[in-house]
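Here is a short briefing on one protein model. Keep the 3D view open as you read, and look for each feature in turn.

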Amino acid sequence: MLDIGYLSDYPFYIAFGGKEVQLLNYYNYIKAKYQNNINVKLLNNWEKEEIDRIDIIHFFGTSHFYHILGQLKANQKQKKFIISPTIYFNWKLGRFRFIIGGNLPFINFYKNV
């Protein structure tokens with residue numbers, strides 16, 4: 001059986017909006033539709049051993065996953081990762097930021113996303 005863990009970049013009690021609703025909808029859909037083939041879990045940052053039981057980690061948000069993902073890739077080579085970035089600002093202005101930031105010769109927020 002496949003195990004998928006969902007992880008939001010912020011705890012639900014700090015920020016709850018569209019990203020968290022999307023996460024919960026994915027969670028509920030997979031849990032209902034594939035209950036015999038896939039185990040889904042909302043990951044808890046305080047349970048260290050939990051990650052050992054997960055095959056796929058699905059990140060929601062953009063905040064700090066770049067560094068976490070680097071460490072996980074180094075220590076959890078067998079795991080698969082999915083990132084669903086969420087952008088909260090004005091998309092017309094944001095698109096310009098992504099074009100500029102994505103073409104800069106150094107690592108930055110826009111290249112990471």
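In this predicted model, strands β3 and β4 pair in the parallel sense, over 5 bridges.

- Strands of a sheet pair through backbone hydrogen bonds, and the pairing can be parallel or antiparallel.

**The nonpolar cores**
- In soluble globular proteins, nonpolar side chains tend to be buried together.
- The largest nonpolar core here has 9 residues.
- Its members are Ile4, Tyr6, Leu23, Tyr27, Ile30, Ile38, Val40, Ile56 and Phe60.
- Four elements each supply at least two residues of this core: β1 (2–8), α1 (18–33), β2 (38–42) and β3 (56–60).
- Which element gives the most to this core? Helix α1 does, with 3 residues.
- A second, separate core has 8 residues, including Leu7, Leu43, Ile54 and Phe65.

**Ile56, a core member**
- Ile56 belongs to the largest nonpolar core.
- Leaving aside neighbours within four places in sequence, Ile56 is in contact with Leu2, Asp3, Ile4, Gly5, Lys80 and Ile82.

**Phe60, another core member**
- Phe60 lies in strand β3 and belongs to the largest nonpolar core.
- Is Phe60 buried or exposed? Its relative accessible area is 0%, so Phe60 counts as buried.
- Not counting residues up to four places away in sequence, Phe60 touches Tyr6, Leu7, Ser8, Asp9, Lys19, Gln22, Leu23, Tyr26, Phe65 and Ser84.
- Phe60 and Ile83 are 23 residues apart in sequence, but 6.1 Å apart in space, C-alpha to C-alpha.

**Asp9, in a loop**
- Where does Asp9 lie? Asp9 is in the loop between β1 and α1.
- Asp9 has 6% relative accessibility. Buried means under 20%, so Asp9 counts as buried.
- The Asp9 side chain makes a polar contact with the side chain of Lys19, at 2.2 Å.
- Both Asp9 and Lys19 are among the residues that Phe60 touches.

Terms used: Residues are numbered from 1 along each chain as its sequence is written. This is a predicted model: local features need pLDDT of at least 70, side-chain atom pairs count only at pLDDT 80 or more; totals for chains, interfaces and linings use all residues. Side-chain values use heavy atoms; hydrogens and water are left out. A nonpolar core is a set of buried Ala, Val, Leu, Ile, Met, Phe, Trp, Tyr and Cys residues joined through side-chain atoms within 4.5 Å. Buried means under 20% relative accessible area, exposed over 50%, partly exposed in between (1.4 Å probe, protein chains only). Contact means heavy atoms within 4.5 Å. A polar contact is a pair of N or O atoms within 3.5 Å; within protein, one must be able to donate a hydrogen and the other to accept it, and residues adjacent in sequence count only if both atoms are side-chain atoms. Two strands pair if DSSP finds at least two bridges between them.
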